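I set out to record what I looked up in this structure, entry by entry. The entries cover helix packing, a sheet, a single helix and a loop.

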Amino acid sequence: MIVFRYLSREVLLSMLAVTAVLLVIIMSGRLVSYLAQVASGSLDADVLLQIIVYRLPDFLQLILPLGLFLGFLLGYGRLYLESEMTVLEACGMSHRRLLAYAMGPAVLVALCVAVLSLWLAPLGALHSNLIFDQQKQRGELDALVPGRFQQPARSPRVVYTESLSETGRLGLVFSAERNPQNKRLQITLAEAGQTRVVPELNERYLVLEQGRRYEGVPGQGDFTELRFAEYGTLLPNKTQTLRYPRVEALPTGGLFGSDKAAERAQLHWRLSLPVLALVVTMLAVPLSRVNPRQGRYGRLVPSIVIYLVYLAILSNVKSQVAEGDAPSLLLWLVHFGFILLALNMLLFGRFWRHLFDQVALPSLPFRKGSS
């Protein structure tokens with residue numbers, strides 16, 4: 001039991017460190033994308049933290065198996081490098097018992113991945129999709145940022161306002177758009193503006209006050225000028241059709257018994273992610289056995305290549321199942337194939353160690369003369 005706790009601690013500490021680094025990298029890239037949407041006005045800054053929190057389970061369900069895989073490579077690799085594994089093997093630690101000990105943290109991580117993939121990730125996808133849909137239902141004025149020229153999403157006009165009060169009143173409004181019929185540029189400048197709703201027509205208007213409107217073609221002298229005390233512009237009504245729940249946001253219970261290919265693929269994908277954590281553990285145990293001359297990271301690159309090939313095949317098969325081009329059983333055959341590969345590495349470890357030594361530790365000219 002002492003050896004089991006020691007080995008598990010080495011793996012879990014390495015896994016947590018790797019998972020944290022990978023999560024920061026992925027979330028940083030996604031945060032940059034969200035900040036760009038905030039800067040363009042298509043996303044409110046107040047919902048940014050909520051979206052990040054809701055997307056965390058979706059990222060973690062894929063990061064945790066990779067973190068576990070690298071945790072075994074780094075944790076067990078250090079033990080091999082410092083000859084601790086050699087001592088354990090001399091005391092009777094067989095490869096079979098080492099694999100059994102490795103399944104302890106693997107089952108724990110697999111249970112966490114199961115909770116994420118079957119419950120938390122769909123729930124987070126549902127709430128994040130709902131937030132995005134609510135942001136799309138906002139009017140053009142709701143997305144305005146004072147002191148910045150903006151072009152609202154799917155709108156042909158560029159709008160600027162100097163100030164925006166809590167009541168929705170605008171100060172010093174500038175608007176520019178091109179007439180879709182004659183392609184003439186229309187520029188409107190007003191001292192103030194506000195939104196008015198016509199309940200009878202169920203329509204909203206932006207009413208500008210004390211301003212001028214110019215229309216013409218730049219470079220030509222046929223501009224027309226219109227002065228007005230009030231000028232109303234119809235604001236487009238947002239459709240109330242929401243895109244949730246998408247297949248990623250559907251609850252797992254609702255996917256059972258479905259006859260749709262996309263929903264069957266999503267169900268088997270969610271069920272296969274915990275299995276992925278167990279299979280990569282079986283792969284990581286023989287791959288973590290390094291030659292002390294290679295160093296701790298001797299087999300890291302070829303091992304990561306094997307993991308990426310595994311995940312790429314799974315993703316490709318999932319896409320084929322979702323399109324109806326392949327049966328769901330094919331997804332599990334991929335897992336079975338890599339289980340056979342892991343068992344082959346365990347049974348014929350000497351052959352695989354020689355192969356990886358040739359890949360990870362190439363023959364260098366100065367090694368022949370070294371003593």
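For helix packing I took axes as lines fitted to C-alpha atoms, for helices over the stretch in contact, with angles running from 0 to 180 degrees between N-to-C directions. I took helices (H or I, at least four residues) and strands (E, at least two) as DSSP runs, numbered from the N terminus. The model is predicted, and local features need pLDDT of at least 70, side-chain atom pairs count only at pLDDT 80 or more, and totals for chains, interfaces and linings use all residues. Residues are numbered from 1 along each chain as its sequence is written, and side-chain values use heavy atoms, with hydrogens and water left out.

**Entry 1: two helices**

I looked up how helix H5 (residues 261–287) meets helix H7 (residues 329–347), and found an angle of about 10° with the axes 9 Å apart. H5 and H7 are therefore roughly parallel to each other; angles under 35 degrees count as such, over 145 as roughly antiparallel, 65 to 115 as roughly perpendicular and the rest as oblique. I then listed the contact (heavy atoms within 4.5 Å). H5 contributes residues including Trp-269, Leu-276 and Met-282, and H7 contributes residues including Trp-332, Phe-338 and Leu-346. The contact residues divide into 19 nonpolar, three polar and no charged. Here Ala, Val, Leu, Ile, Met, Phe, Trp, Tyr, Cys and Pro count as nonpolar, Asp, Glu, Lys and Arg as charged, and the others, Gly among them, as polar.

**Entry 2: the sheet**

In which order do the five strands of the open sheet lie? I read E1-E2-E3-E4-E5, with antiparallel pairing. The edge strands are E1 (158–164) and E5 (224–235), each of which pairs on one side only. Neighbouring strands are turned by 25° against each other on average, direction ignored. I counted two strands as paired if DSSP finds at least two bridges between them.

I followed the sheet strand by strand. E1 is joined to E2 (residues 170–178) by six bridges, and Thr-161 has Val-173 in E2 as its bridge partner. E2 and E3 (residues 185–198) pair over eight bridges, with Glu-177 opposite Gln-186 in E3. Six residues separate E2 from E3 in their hairpin, and Lys-183 in the turn has a positive phi of about 60°.

E3 and E4 pair over 13 bridges, and Val-197 stands opposite Arg-204 in E4. Their hairpin has four residues between the strands, and Asn-202 takes a positive phi near 55° there. E4 (residues 203–216) pairs with E5 over 11 bridges. Arg-212 has Arg-227 in E5 as its bridge partner, and Tyr-214 has Glu-225.

Helix H6 (residues 300–322) has 23 residues and reaches 33 Å from its first C-alpha to its last, close to the 33 Å expected; the expected span is 1.5 Å times one less than the number of residues. I noted its buried residues, among them Ile-306, Tyr-310, Leu-314, Val-317 and Val-321. Buried means under 20% relative accessible area, exposed over 50%, partly exposed in between (1.4 Å probe, protein chains only). An α-helix has 3.6 residues a turn, so residues three or four places apart point the same way. After H6 comes Gly-324, whose phi is positive, near 85°.

**Entry 3: a loop residue**

I located Ser-83 in the loop between helix H2 (48–81) and helix H3 (84–90). Is Ser-83 buried, exposed or partly exposed? Ser-83 is partly exposed, with a relative accessible area of 37%. Ser-83 and Pro-292 are 209 residues apart in sequence and 8.2 Å apart in space, C-alpha to C-alpha.
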